Structures are given as structure tokens and as C-alpha cells.
Amino acid sequence: MKLQKEKNKIVITNDLDFNIIQTLECGQVFSFIKPSDNSYVVISTNKIANITYDDSTTIIESNDIDYFYNYFDLNTDYNKIKKEIISINPNVSKYLGFGDGIRILKQDIYQTIISFIVSANNNIKRIKGILFRLSSEYGSKISEGIYAFPTLEQLSKVTSEDYARLGAGYRSDYLVKTINSLKTTEYDINFLKSLSTIKLREKLLSLSGVGPKVADCILLFGFGRTDVFPVDTWIRKTYYLFEQKKLSDKDISNYFVNIYGTYSGYAQQYLFNYMINHSKEESF
DNA sequence: ATCCAGGATCTCC
DNA sequence: GGAGATCATGGA
């Protein structure tokens, strides 16, 4: 991947290790806008990246370019990761190839927790709508039509009825309870970061609305823990496709983690991406 | 109309 | 500690 970092922008040559469309549209992140065919606006907490791209080049512009350099995980060698995964299991190269350019984003932890509680038993389009309305109503205005993701303090004023009005449905109570928990010292971010993946997962599971799958997504997309394998309905279908037998989500997750180890999170995202894009033509 | 979506919780055994 | 019902909402 060729990239050039300047004061307020990063210029990246598109290749097999960087594709902005794949990265944003693969279901790991929900708070972004597509103003035109060749641009995106990504919103992480109160930080904004304006992104323009064509077939050959992607330009990321921001007032806090260091933040987005890390956000897009630009220090990580995805070519090496894909080689490792294929060396573990050559049969998955087909799925990896379809996900070329995907990068696992390093997202804000609070935003990730709220987003994935909303994601439970929901579809990506609705998730994005609910979170967009949440930001528009309770987040700080950044520019015309663009609002920061609400802070914990802003969220602590949002009631269950408010969440329901935004479309969160039965998840509304979960959100109120979890916001209250996150304000306690027990969930201090630096403390959480110091925990092992196992211990951190246990802590996340004690949050209302956070079960095994959502916890794994928070671990992967928020905490950057790649030794987890979130199992949702698509991965369940994938496992059945591979093994022709049914297994509990827990056992499916363990099955893949035992194979891919610290590369589990990457492998999961490639498989998930393949499945949501091929579910129609291959009748699963 | 019924099923489904990046599932979690509660109940009951 | 594991199976089953229930939970809003909107699109297909």
C-alpha cells in the first residue's frame, strides 16, 4: 500500500490492501455519510474525515489526520495478514479475494458499544438510520447536516422513550442501562484496555444489551482485539455451508478461533463480507 | 402475510 | 447451563 501523509490529508493509492468502499460498506461501521458517488464523510466521536476517491486514489482529509491514520489502521500490513490466513487454510482464499481492501477500523469504544447494541437483531440500513437520528438530535453540530456522535454526557440525558422514538425499539431500555453503567469507574476505558480479552469480554457481557456477538464486535472494532470471531446469522450460514451441520454460536466461534487464533477477527470480516454480498446468487 | 436483520434476555427445566 | 419464547421496526 502506497500512502503519503501530509498535514491535513493522507493520499493513498488504491490496491489490494486499501479500498475505502469495502472498508466502510462491510458492516463494521455505521456512522458515515455518502454525499456523492465519489465521496464519504466519516464521523467518529466529534471528529470528521472528508474522503474523496476514484478508481486509483483515495484522499482522506481531516483536521485531526493522526486520529484517522490510526482509525483506518494504516500501520498494519494487510497483505501479510491475508497470507497468514491463507497459509492456515488455503480453501478460504476465494473469500479473502472478494474482500480485498477491507481494513478493520479502530473505532471509538463508546460509539462502538452503542452502535452494536443497536445492531442486535437489526439490519444495517435501519442501524445506520437510528444512529444517524441519534447523532442529529443529541450530538453537537459540526457543520451543516453533520453532527458528532453524542458524548456519554449527552447520551445520559436521552430517555428510553427518546430511543424508542428514534426507532431503537426494544433495545431502548438496554441503551439507558448501559449508558448508566459506562459512567461508573468500573467501566473506565483505560482500565478496560488493560484487561485480557477474556476478562474484557466478561466485563462487556455484563452490560445490558451486550451478548456474546455484540461483545465480540466491540472487542474487535473498538478494542482492536483480533482474537475473537463474532457469530451472527451470516456466519451461522457460513459455518453450515462449510461443515453441513448445525452448532451453537459459541461452538462456531470457538471452532474458528481455534483455527485462526489472533487472525480470527480479520478472517471473520472477510467471510462476513463475502456472505452478505453473495447470499442472493447462492441460495443458502 | 410471513420472514428476516451483524441477537439479547427472560423463563423454565 | 442449555433450549424456547419474546422482544420493535421496516423492508422484502
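How many bridges join β1 to strand β2 (residues 9-13)? Four bridges join them, and the two strands run antiparallel. This is a predicted model, in which local features need pLDDT of at least 70 and side-chain atom pairs count only at pLDDT 80 or more, while totals for chains, interfaces and linings use all residues. Residues are numbered from 1 along each chain as its sequence is written, and chains are lettered from A and ligands numbered from 1 in the order in which they are written.

View 1. Two strands count as paired if DSSP finds at least two bridges between them.

View 2. A hairpin of three residues joins β1 to β2, and K5 stands opposite I10 in β2. β3 pairs with strand β4 (residues 39-44) in the antiparallel sense over three bridges, and the bridge partner of S36 in β4 is S39. Strands of a sheet pair through backbone hydrogen bonds, either parallel or antiparallel.

View 3. A residue is near a strand if its C-beta atom, placed from the backbone, lies within 6 Å of it. Of the 24 residues around DNA strand B, G27, N123, I124, G211 and V214 come nearest. The helices (DSSP runs of H or I with at least four residues) α12 (212-221), α13 (233-243) and α15 (264-278) each supply at least two residues of this surface, and α15 gives the most, with four residues.

**View 4. The surface near DNA strand C.** The residues around DNA strand C are N121, N122, N123, R126, A164, G167, G169, Y170 and S248. They divide into two nonpolar, six polar and one charged, where Ala, Val, Leu, Ile, Met, Phe, Trp, Tyr, Cys and Pro count as nonpolar, Asp, Glu, Lys and Arg as charged, and the others, Gly among them, as polar.

**View 5. Contacts of I218.** Leaving aside its neighbours within four places in sequence, I218 is in contact (C-beta atoms, placed from the backbone, within 7 Å) with T112, I113, F116, L204 and F223.

Note on methods. Two residues are in contact if their C-beta atoms, placed from the backbone, lie within 7 Å.
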